[in-house]
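Hello,

Here is the structure I promised to pass on to you. Have a look at it first, and then read on for what turned up.

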Amino acid sequence: MGVLGFGTFCYLLGARPQDVPYVYCLFYVIFVPLRWIYYRYKKWHYYLLDFCYYANTFLLIMILFYPKDEKLFMVCFSFAEGPLAWALIVWRCSLVFSSFDKLVSVLIHLLPGIVLFTIRWWNPQTFAAMHPEGRAARVTWPYVEDKSYLWTWLFVVPLAAYTLWQLMYYLIVNVLRRQRLLRDPEVMTSYRELSKKAQKANNIWWRLSGLLGDKNRPFMYILLQALFTVATLAFTVPIFLSYRLHAIFQVLKVCAATWNGGSFILEVMPRQVQKEKKKFEMKPIEQLNSKEHVGDASGNHQDKSEKQSQ
């Protein structure tokens, strides 16, 4: 199903690019609620407070209610081709068709950029906006001549919106739900997962987050994420201005997700299979040992009973 769906999407991308935004909306309203149900069962539902869902919600609102709002388009563009796109590469999201969860994770980060690419460069409806009546033809939609306007709506406003999300996230996770998270260590958040993986690998992220001591790791995590966001938002400006660079960036994202998926199938999955195989092989031994233990215990009990009767 995953391969068939991906192939159908690729066909629509070439045959009817104007329908791609609505396919994305259909994907969002179906699979995000399903993911919440699944994650609620797994105690992973706090993941849905992450920035990627915040950015995807912005895009959904723009497509359904404000499709001609140039300013909102630029904010969504900055989110999609900034933090979301680079998270796909940096956090090694893997395109694995046999894993529903991994496939949805990739599409959450990949689809917004592709949708905005088609709207900006390929959608026939935007071509009409490039030739308004009584005015000179415009190269693209939206067309921006003023650099201050460009940086305002591709960097300053998106950064303010990101800051608002960070404040809300901190309020919910670290204040309102703090006791709930402390009571149940199985409930996962992005910080818990990333810190666990970083500590296990002892990589550069773990060392950087510990520069101010273990107690300040959450603060360092927020600071590093903010620096990552600033850098990736700034990079959206040249992408916004160049069709060629934007197209190359789409190919890079797909290649990165495919490469990560191949690495997962060839390297991670065999280790997981071996681990499960060892567990399966250990079960009969554990059962045999438990039976022997029960037998020894009953034998000792019988011996004690015979001695007491004598």
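A word on angles to begin with: those under 35 degrees count as roughly parallel, over 145 as roughly antiparallel, 65 to 115 as roughly perpendicular and the rest as oblique. This is a predicted model, in which local features need pLDDT of at least 70 and side-chain atom pairs pLDDT 80 or more, while totals for chains, interfaces and linings use all residues. Residues are numbered from 1 along each chain as its sequence is written, and side-chain values use heavy atoms, with hydrogens and water left out.

The protein has 12 helices and 0 strands (DSSP runs, H or I of at least four residues for helices and E of at least two for strands, numbered from the N terminus). Of its 310 residues, 38% count as buried (under 20% relative accessible area, with exposed over 50% and partly exposed in between, using a 1.4 Å probe and protein chains only).

Now to one helix pair. The axes of H3 (residues 51-65) and H5 (residues 100-122) come within 10 Å and cross at roughly 30° (axes are lines fitted to C-alpha atoms over the stretch in contact, with angles from 0 to 180 degrees between N-to-C directions). H3 and H5 are therefore roughly parallel to each other.

Lastly, Arg35 lies in helix H2 (residues 20-42). Arg35 is buried, at a relative accessible area of 5%. Beyond four places away in sequence, Arg35 touches Leu48, Tyr53, Asp101, Val104 and Ser105 (contact means heavy atoms within 4.5 Å).

Best wishes
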